[in-house]
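I opened my notebook beside the model today and jotted down what I looked up. Come and read along.

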Amino acid sequence: HLRTGSGRMKVVVTRDLGPDAMPLLRERKELDLVVWSENRACERAWLLEQIPGAAGVLLMLADKVNEELLDKGFLKVVSTMSVGYEHVDLPLLAKRGVRLGYTPDVLTDAVADVTVMLALMASRNAKETAGVIDRGEWPNSTWSPFIFCGPQLSRTPPIQTRTAGFLGFGRIAQATLRRLVPFGFTHCVYVANPSTVPNPVQDAAYTKQFNLQSVRRVDIDTLASASDVVFVLAPGGDKTRHLVNEAFLRKMKKTAVLVNTARGTLVDSDALAKALKEGWIWAAGLDVVEGEPNVTVDHPLVKEPRCVMLPHIGSATFDTRLSMAACAARNTLAGVFGETMQAELEL
Ligand code: DGY
């Protein structure tokens, strides 16, 4: 029922996916490929217009998969070029028997790299200090013993311990922790859903695996109070909205840093701006923020000198984006032809 007049199956793609992934799709003569090839987000009206008669759609984070879209046709597969899937109505997909492909694993290292970068940038006042150069103020800022100082990420005497805290302890969190071990981190605390029950057996295994003095599953209050750096690396969506709120931020150490490379919705931006202004914590490094990309210079966090912000570039390396695109293309093909996907989310 999904063959077009030409006898081929229609597949809609909401971006040009570059030199590795497009040929994977184009070389399949059984497909009728419809591509939004402009270098800007695909227009919703265009997407909705293309869905009737399509067997598959390959789309991006900004393209909502909801009733409005699914009602337009009889899709076999939705393939998102992202590891996150809060733009997809999962129960609805399950109800309609539509498969979902996504792109975990291939972006883990790129995001973990940026996570560590933000921890360093936030601790060491990168925004404020780079700004001194950008504004031509370096000649006027005479060197003095404590100017531009911040807390040290690595452990060197006299620092005895370093504790990394993870809100969410999945693939990217663990890849981040692996990078922190050579910095001399000694302890790790984490909060992992769905269970909050302590798991000493698992924790002993993690302690050994990461070669730390301890790795402990804790409650969210302990996470806030025990960590030198809190890394937010849990999925977005309603269940995790504002887990980092005023109460959480007030429990953090004054010298601690908050890094969010997951989803903006996990952190209450107003509470974070207040925490930075009033010195409840040292600094923040954000790759994501609530309401993105509508973030302009009058945003309260953009105005904070100790808040380093990046425009959601966690996975933005050439290698990773090419791999994500290829994975999304393969998932689409597998969904359309009823084969095993490279990465399918169990619904
Ligand atoms: C994702 O894949 O979900 C990231 O946020 C963007 O790469």
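My entries follow, from the whole chain down to single residues.

**Ground rules.** I number residues from 1 along each chain as its sequence is written. I am working with a predicted model, where local features need pLDDT of at least 70, side-chain atom pairs count only at pLDDT 80 or more, and totals for chains, interfaces and linings use all residues.

**Whole chain.** I found twelve helices and twelve strands in the protein chain; these are DSSP runs numbered from the N terminus, with helices (H or I) of at least four residues and strands (E) of at least two. The radius of gyration is 22 Å, close to the 20 Å from the globule rule for 347 residues, so the protein chain is as compact as a globular protein of that length. I note that this radius is taken over C-alpha atoms, and that the rule is 2.2 Å times the number of residues to the power 0.38. The C-alpha trace spans about 75 × 55 × 30 Å along its principal axes.

**Domains.** I looked up the division: domain 1 covers 9–105 + 319–337, and domain 2 covers 108–309. The bounds come from an automatic or database domain assignment. Taken over C-alpha atoms, the centres of domain 1 and domain 2 are 33 Å apart. Five residues of domain 1 are in contact with seven of domain 2, contact meaning C-beta atoms, placed from the backbone, within 7 Å. On the domain 1 side I get one nonpolar, two polar and two charged residues. Here Ala, Val, Leu, Ile, Met, Phe, Trp, Tyr, Cys and Pro count as nonpolar, Asp, Glu, Lys and Arg as charged, and the others, Gly among them, as polar.

**Ligand.** Which residues surround the ligand? I listed Leu61, Ser82, Val83, Gly84, Leu107, Gly314 and Ser315, using a C-beta atom, placed from the backbone, within 6 Å as the cut-off. That shell divides into three nonpolar, four polar and no charged residues.

**Helix contact.** Gly18, Asp20, Ala21, Leu24 and Leu25 in H1 meet several H12 residues, including Leu322, Ala325 and Arg330. By class, I count nine nonpolar, one polar and two charged residues in the contact of H1 with H12.

I spotted a cis peptide bond between proline 157 and proline 158, with omega about 10 degrees; proline 158 sits in the loop between helix H6 (126–134) and strand E6 (163–167). Glutamate 292 to proline 293 is also a cis bond, omega near 5 degrees, and proline 293 lies in the loop between strands E11 (283–286) and E12 (307–309). Histidine 242 is not a glycine, yet has a positive phi of about 55 degrees. I placed histidine 242 in the loop between strand E9 (229–232) and helix H10 (246–251).

Notes
Two residues are in contact if their C-beta atoms, placed from the backbone, lie within 7 Å.
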